[in-house]
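Could you walk me through how to read the aromatic rings and the nonpolar cores in a protein model?

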Amino acid sequence: MTNEPTVTMGEATLTASGIARLANVGRAAVSNWRRRYADFPEPVGGTPASPSFAAREVEQWLSRHNRLHELGTEQWAWRHIESYQPAAEVSDVLALCGARLLTLARGASADAVPTPRELVSQLDSLDPGLARLVAGIAPKRWTPQHHTVLGTIDQLATELDPEAAFEYLHRQFVSSAHSLSGLAGTPDTVAAAMVALAGSGPVTFDFTSGTGSLLRTAADRALANGSSTRCYGQEIKSEYALVALLRLWFVHLRSGLPAEPPLVHVGDSLLADALPDLAADVVVANFPFGVHDWGNERLAYDPRWTYGLPPRTEPELAWVQHALAHLAPSGTAVVLMPPAAASRPAGRRIRAELIRRGALRSVIALPGGLMPPTNVGLHIWVLRQPSSRAGSILMVDATAAPADQSLSEVVGTIWRAYAGDSYTEEPGVHRAVPAIDVLDDQVDLTPQRYLPQADETASDPTEVVARLKDFDQRIESLRQSVPVVTAAPPGSSRPAPRAEIADLLRSGSVSVLRALARNRPTEDDTTAVVLTPGDVLSGGSATGSATRATPGPQVRAGDILIPIVGHKITARVAAEDQVGAELGAGVQLVRLDATVFDPWFVAGVLSRTDNARVAGRTSSTVSGTFRIDIRRLAIPVLPLEQQQRYGLAYRRVAEFRAQLDVVAEVGAALAREIGDGLTAGGLELSPE
């Protein structure tokens, strides 16, 4: 890690939010500094409600007061990009940085930042279309903010490979609030799985390319196999199209193969298809869901609707037929679909026609949480040009697949076996379902409907009777573990002073950690065991895994684990077998100064029922879940000895609740076994 790179700041400015990011604090802390410190820089612009400050003065002030967060050059580069004003142009600045890095990858001088005209001229010799897109967003002359960003980019290029630098900035962009979540970039895990299903071919097409994640994954896969693929894309947002084209050019230059360069058009692929005659060997797409104003009235007689006119409420089936219209005779199309598209009544006829003609070959149910919306497990549809007969359709439930394999390995292995001659179904995970079994009144393509679990051998009646005795012992143990409490005398309790978590974070006595953002796979990646939200709720050991180059935050003894999303706040002190695991997506960690706080006390206070109203934000009216922002809460300020007394009580409550969950689970299984045993005749009721 390095300190701030040496760049010319000029008259670059920062808002209060930008200052907060530089210091790694909340925005409220910046407002507090302005009130408390007479030497805090005065505003140089903006409005009274949103003032702006000279960036150089702010950074000097933060350095004097030891509040400047130490960052690497790549982090400084992203901080300058995300702090760019106006915020609506952040994606344009990202693209300009990519354009500069691309010229540096081709050998341009890093001694001085080129003028906008020089930058466009350097790109014109590479790709006139790319140069025109860059010219469309480049100003006539650089502003001080541009000089700040591009100067940092030049320094970054001396420390990192230009392509790696741009991929880092892209990852930060797609995970930030500046992108349309889920549409800018497809997560690496999902993209790798989709490309593994699609395979490789001379031509790859993505008609809603976003920032090019699927196309870049396909190009990388082809390159890893010693071949190349020409990538074609179309994207309605011009800034995304430009970023996609830049990313693909980096791969193209890296390949060194005499292949045709990538091509990305700007426009609505349904209403204004820029490549109507293109027949691709591979079609991959992550298109927007639920857009009912997709032009169905203007496209009523479109020749692409060979499987039926898509209803206005079924835009996804329009995209599916668009994919097939661009598919070569021997090609494969892989598209991401909302699970509702598998069963909505309005799309039944088109789904039936896709199956009858053998175009839809597989539906794969993905685990939830891989990408927005995080509470929904999306589907992947695999399509090919119509075959002579309907045959079967491969149904896969990837949520039931082995946890020790990557998603791309799991689905790729199953699909290749099904497409070849070595397929054997695995009950509960995947099955080749005859088309006739799907073509009923509903034509429901939900995989779980066709994947019954493997048959389980009926329990031995004598074992059931033995488990009844064990259950009695558990009930008695549970009764003994109930904490004994009494009513406090009237008027004996006085409200203790409270400390805001946000203030404790700034003081350093409390810190909140989350998992690292996903990185693109590299040769140096290692697989780590990570805690999932389910592990936190169950109190069990870590069951998740993640592949990353940089280790993420590890759980320590005394840490408090809290799922980021839930119906309520569940704060639990890390169990012994959770210590050492890395944080997984969806889990946040509260770390305390042990000389000031007792973890069991803090966990008990945070788990209070009424805290859900305070800490919850962006509530979901559909699922009833909300995101939990711990910084909104406050905790009582008590002496450590008193905290420990309360902490012991909270710990007993937590242990009682854990035992209660186990007893409930064991009791439900026992009830099922007794019912099955009575039905099968192996058990009978004892006389009263």
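Rings and cores

Q: How many aromatic pairs does the count come to?
A: The count comes to 16 aromatic pairs, where rings of Phe, Tyr and Trp (its six-membered ring) pair if their centres lie within 6.5 Å; planes under 30 degrees apart are stacked, over 60 edge-to-face, the rest tilted. This is a predicted model, where local features need pLDDT of at least 70 and side-chain atom pairs pLDDT 80 or more, while totals for chains, interfaces and linings use all residues. Residues are numbered from 1 along each chain as its sequence is written, and side-chain values use heavy atoms, leaving out hydrogens and water.

Q: How is a pair of rings described?
A: By the distance of the centres and the angle of the planes. Here, Phe40 and Trp61 are edge-to-face, at 4.8 Å centre to centre with 70 degrees between the planes. Ring pairs also link Trp33, Tyr37, Phe40, Phe53 and Trp61 into a cluster.

Q: Is Trp61 buried or exposed?
A: Trp61 is buried, because its relative accessible area is 0% (buried is under 20%, exposed over 50%, partly exposed in between; 1.4 Å probe, protein chains only).

Q: Where do nonpolar side chains tend to be?
A: In soluble globular proteins, they tend to be buried together. A nonpolar core is a set of buried Ala, Val, Leu, Ile, Met, Phe, Trp, Tyr and Cys residues joined through side-chain atoms within 4.5 Å. The largest one here has 47 residues, and Leu130, Val134 and Leu169 have the most contacts inside it. Apart from it lies another core of 44 residues, including Val320 and Ile393.
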